[in-house]
Amino acid sequence: MVWNDLKAHADELAQRHLADLFVDDPQRFARLHRKAGPLLLDLSKQRLNGDTLSRLFSLADARELKAWITRLFAGEEVNGTEGRAAMHWALRAPTGSGLAPTEVEALVHGELERMARIVEQLHSGQWRGYTGEPITDVVNIGVGGSDLGPLMVCRALEDFAEPAANGLNVHFVSSMDGSQVAHLLRALRPQTTLFIISSKSFTTVDTLYNADTARTWLQRALGDDEAVIRCHFLAVSSAVEKVTEWGIEERNCLRLWDWVGGRYSLWSAIGLPVAIRVGMARFRELLAGAHFMDRHFLEAPWEDNIPVLMALVGVWNTNFLDIHGHAILPYDGRLKYLPSYLEQLEMESNGKSVTRDGEPVSEKTCPILWGDVGPNAQHAFYQLLHQGTEPVTCDFIAPARRYHEDVHSEGAGELVRQHELALANCLAQSRLLALGEAALPSDEQVPFYKRYRGNQPSTTLMMDELAPYSLGALLAAYEHKVFTQAVIWSINPFDQWGVEMGKKIATSTLQAIREGDDGGMDVSTSGLLTFIRNS
């Protein structure tokens with residue numbers, strides 16, 4: 001009933017242009033923006049009104065969203081296909097918060113203390129390599145959530161690099177083809193390099209092949225002594241036995257738990273590269289920002305709940321306005337890797353076609369996400385956004401303030417002016433997408449090939465500044481958006497069986513490449529294998 005009511009409402013609004021909605025309601029921004037902590041969410045450029053939101057809140061109630069949120073934070077099983085809770089929120093719950101069970105809190109904060117000791121050893125030069133030299137370079141070997149999250153945050157918080165790190169460099173390796181790790185190793189010294197192998201299961205082929213390459217590189221330079229592995233390798237995993245079988249001592253293995261999904265693991269020891277880069281104090285600020293958003297998501301009413309609003313507007317666009325492309329457009333170069341991070345978070349979580357009950361879904365689920373840093377994207381795919389034939393929704397993301405330096409210091413004024421230029425472009429692009437030619441001066445006449453239809457919906461998410469706390473809040477908001485949409489679509493956002501099947505098929509295909517037996521393969525794959533063997 002609620003779903004059909006929304007469809008009828010969408011048909012009514014389809015006749016209205018965003019420019020008309022702004023003319024009709026001069027208070028549109030005041031009615032359709034929300035602020036929580038360091039974040040401001042502006043929905044005024046979405047093709048909806050207050051009545052739309054009321055109907056979407058009724059949909060949330062009909063799908064029992066509140067009960068599902070309660071189950072999530074109670075540590076109940078919400079990942080039905082794997083029989084697990086999803087307690088990534090517990091990774092950022094402070095001591096005594098009352099949110100996480102006491103035993104879980106003890107585990108989490110125990111690992112945080114172990115992280116802190118490692119970070120202190122590295123920053124003080126006390127962690128020594130096999131030859132006694134202090135570590136100068138740390139290489140994180142991972143893939144997916146074990147790579148995208150730490151990489152993204154290290155870049156985003158580069159202004160907050162810990163001075164005590166004394167020039168300690170942090171690098172990332174994820175590609176399975178070997179070219180990335182080979183290129184990096186040529187620039188490093190074995191005597192002063194520490195590797196972190198980040199893999200929840202410690203079975204991920206991509207990661208283990210790169211880890212084997214790193215081990216061989218070290219042993220060729222330093223010898224086959226067990227102390228080489230002890231001095232130059234750490235692991236982050238839930239599979240401690242597999243870690244020790246590989247050769248890393250248990251004391252050098254930081255723990256994960258089965259209630260932490262890979263793409264939700266940034267807040268755990270998977271975030272060790274972030275802590276090394278910015279220090280434990282700022283890593284804890286990142287956790288604090290995420291915990292603020294956890295509380296907000298759990299306690300705020302729908303009409304003020306930023307993750308819920310983000311999610312319901314996404315459902316509105318996907319299922320009722322029939323828009324299936326979504327662009328992530330940060331207007332700050334430090335957020336270069338945010339689109340890739342959100343691509344995995346959203347599409348791996350909600351790219352599902354089967355309900356929690358095992359039935360085919362009756363509605364469209366996750367849209368296709370892509371994006372880039374806005375100033376670069378303007379010269380790449382914005383032409384399609386403005387004048388193409390495909391409707392696309394956009395998230396414009398920017399900090400209101402950019403630089404902490406005294407504006408009178410050398411070079412700071414120019415940096416501030418550049419940030420102002422980025423903000424001007426951010427606001428101008430979203431305005432043109434929404435209003436089309438109505439955004440132009442009223443007396444400006446344009447030929448047909450310059451016409452802009454507008455009416456492309458977008459959300460603007462602003463932070464007061466890009467800092468550990470605000471970034472934590474932003475990322476947690478997207479996590480809870482994903483969960484909310486999964487509830488509306490009746491799917492499980494915490495498994496990824498399509499990914500697992502792809503890995504399984506790749507294993508049998510690798511065997512075919514190496515052994516020359518392509519029996520049982522389709523004719524296309526057999527033909528390609530023949531080309532590979534004959535090349």
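Biologist: In which sense do strand S3 and strand S5 pair, and over how many bridges?

Modeller: This is a predicted model. In it, S3 and S5 (residues 193-198) pair in the parallel sense, over five bridges.

Biologist: Why is S3 largely enclosed by the rest of the structure?

Modeller: Start with the general idea. Side chains in a regular strand alternate between the two faces of the sheet. So check each face in turn. In S3, Asp-137, Val-139 and Ile-141 lie on one side, and Val-138 and Asn-140 on the other. Buried here means under 20% relative accessible area. Both faces of S3 are covered. Five of the five residues of S3 (residues 137-141) are buried, so the strand is largely enclosed.

Biologist: Now the open sheet. In what order do its six strands run?

Modeller: Read across it: S1-S2-S11-S10-S8-S9, with mixed pairing. The edge strands, S1 (33-36) and S9 (368-371), each pair on one side only. On average, neighbouring strands of this sheet are turned by 20 degrees against each other, direction ignored.

Biologist: Are S2 and S11 parallel or antiparallel?

Modeller: Antiparallel. S2 (residues 39-42) and S11 (residues 458-465) pair over four bridges. Find Leu-41; its bridge partner in S11 is Leu-461.

Biologist: Which helix lies across S8, S9 and S10?

Modeller: Helix H15 (residues 338-350) does. H15 runs at about 170 degrees to S9.

Biologist: Next, the largest nonpolar core. Which residues touch the most other members?

Modeller: Trp-259 and Leu-471, out of 119 residues in that core. Helix H19 (residues 468-489) gives the largest share, 13 residues. Two domains contribute: at least three residues come from each of domain 1 (2-74 + 300-495) and domain 2 (88-282).

Biologist: What does Trp-259 touch, beyond residues up to four places away in sequence?

Modeller: Its contacts include Ala-85, Ala-86, Met-87 and His-88. Val-104 and Val-108 are also among them.

Biologist: How many residues are in the second, separate core?

Modeller: That core has 26 residues, including Val-173, Leu-184, Val-240 and Ile-248.

Key. Residues are numbered from 1 along each chain as its sequence is written. This is a predicted model: local features need pLDDT of at least 70, side-chain atom pairs count only at pLDDT 80 or more; totals for chains, interfaces and linings use all residues. Side-chain values use heavy atoms; hydrogens and water are left out. Two strands pair if DSSP finds at least two bridges between them. Helices (H or I, at least four residues) and strands (E, at least two) are DSSP runs, numbered from the N terminus. Axes are lines fitted to C-alpha atoms, for helices over the stretch in contact, and angles run from 0 to 180 degrees between N-to-C directions. Contact means heavy atoms within 4.5 Å. A nonpolar core is a set of buried Ala, Val, Leu, Ile, Met, Phe, Trp, Tyr and Cys residues joined through side-chain atoms within 4.5 Å. Buried means under 20% relative accessible area, exposed over 50%, partly exposed in between (1.4 Å probe, protein chains only). Domain bounds come from an automatic or database domain assignment.
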